[in-house]
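Keep the sequence and the structure open as you read.

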Amino acid sequence: MSEDSPHIYRFIGIGFGPSNIALAIALEEAGELDNVLFLEKAAAPDWQGEFLIDGSDIQHNPLRDFVTPRNPAFPYGFLSYLKAKGRLFEFLNLEAPYPPRTEYARFTVWAARQFDRAVRYSAAVRSLEYTEAGGLPAVRVGLESGEVFLARSVSFAPGRSISIPQPFAAHMGGRMVHAAQYRSAVARWQEEGTVRRIAVIGASQSAVEMLLDLPGHFPQAQITGICRSFGYKQKDLSPFTERVYEPEFVDRFYDAPEDVQNSMRRELWRSNYGAADHDVINALQFRMYEQRVTGRAQIVLLDNKTTQEIAPQGGAGGFELTLLDRMDRSETRAEFDAVILATGFLNHGSAPEGEPFHPLLAGIAAEARFRADGAIAQARDYRLLIKPGLTRAPVFLNGVSETSHGFGDAGSFSLLSVRSAELARSIAAVPVRPQNNSSGAGQDTPARTVQPA
């Protein structure tokens, strides 16, 4: 970009996963997809690539996609994808409530590819800073490559930070990985050929899926599930609980006092976290019962345990875990060649499963407002709230708003179609040039326009 006349985008999206894909669709639908740019650190569009386990399905109604609940006629919904791929009738004949995860991943990539002209891949963002350009507030977006971009507004959707509980943090890498690196780690360990004892830490959907998947990759290994509860709990998917994923609930949740919000989140926790779907729990129970019949216990469960200490073992990268029983306070020591943390992701907040804000917001957080519970504060339209008396370009937090907006605004598809339309309206209302500049001339005049795909 020229130092004399820098280009100013009217909008930049950080990340191009489901949240910003849905926003791109909403902007196109509203005729607002001009002079915008999405920056994605990956080399190509992807969705849950490390979680694409054979036989796994999605955990939401497939019609809760990028656009269908808002506008079923707009051509980027799941049914449009199936029609384009010639699989609509095959899907309708599928005797399963949800499609395979591989199918939905391909749908996500298909939708993302419609906007290639507005996306720059292999563009890892390093920093965000408030600035001024062309007489109006702007955001300065710096990349790891050293490049800099300016925008009148930003949609921040990099996904959530992975959760690494203590005392695991000091041992990550190699033979200890988070579930977000699952498939890559499995492939690497298979090549090494020395992994015979694997621990899966956690009680989430991913934990159960991995316990079921690992024996196929390591038929001679012992797979141990370690969780702090009494076995694996089933998600609360009752119709009344599912109302928290309806648009009307967002207003109700946002308007509640903070202590009430946090109480509701604790009460509703098992609708989204620390639990698994009925089908995988039954599959695991069936597998473990079959082990009793055959006498070969390949999958072992150590429940009601918390990890107290970790000691590296030998030169191959294994670990000895000291586990504390939460009931009788007894200690168990167990050695593993590899450990997988199915411990989820961090929300905004001061709770153990939270962080005050995503690390990429560090450059602007000093001017932000915070809630009493430690989370960075957001307006109802998802813009980051700044301290009184300051005028700054809006940064919209897209998909990291669970603390203030409820579970429907966590990292899921549940309300993407509705949230993206709300964001598109707010973005369209952001001024792009000073009001006293009636001629439209100035440094914010676009050097080029990114056209809709």
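Two strands count as paired if DSSP finds at least two bridges between them. Helices (H or I, at least four residues) and strands (E, at least two) are DSSP runs, numbered from the N terminus. A word on the source: this is a predicted model, where local features need pLDDT of at least 70 and side-chain atom pairs count only at pLDDT 80 or more, while totals for chains, interfaces and linings use all residues. Residues are numbered from 1 along each chain as its sequence is written, and side-chain values use heavy atoms, with hydrogens and water left out.

Let's begin at strand E13, residues 305-313, which pairs with E14 in the antiparallel sense over eight bridges. Within that pairing, Ile310 sits opposite Leu321 of E14. The two strands make a hairpin with four residues between them, and Gly314 in the turn has a positive phi of about 65°.

Carry on along E14, which spans residues 318-325, and you come to another antiparallel pairing, this time with E15 (residues 331-336) over six bridges. How many of the eight residues of E14 are buried? Seven of them are, so the strand is mostly covered, where buried means under 20% relative accessible area, exposed over 50% and partly exposed in between (1.4 Å probe, protein chains only).

Elsewhere there's an open sheet of four strands with mixed pairing, in the order E1-E7-E6-E5. Its edge strands are E1 (8-9) and E5 (125-133), each of which pairs on one side only. E5 runs antiparallel to E6 (residues 136-143), and eight bridges join the two. One of the pairs to look for is Ser127 with its bridge partner Gly142 in E6.

Now for the helices. Helix H12 covers residues 416-428 and holds Ser417. Ser417 is buried because its relative accessible area is 2%. Leaving aside neighbours within four places in sequence, Ser417 is in contact (heavy atoms within 4.5 Å) with Asp65, Phe66, Val67, Pro69 and Arg70. Arg425 also lies in H12, but this residue is exposed, with a relative accessible area of 58%.

H12 also meets helix H1 (residues 18-29): their axes come within 8 Å and cross at roughly 60°. Axes here are lines fitted to C-alpha atoms, for helices over the stretch in contact, with angles from 0 to 180 degrees between N-to-C directions. H1 and H12 are therefore oblique to each other, since angles under 35 degrees count as roughly parallel, over 145 as roughly antiparallel, 65 to 115 as roughly perpendicular and the rest as oblique. On the H1 side, the contact is made by Pro18, Ser19, Ala22, Leu23, Ala26 and Leu27, and H12 brings Leu416, Arg419, Ser420, Ala421, Leu423, Ala424 and Ile427.
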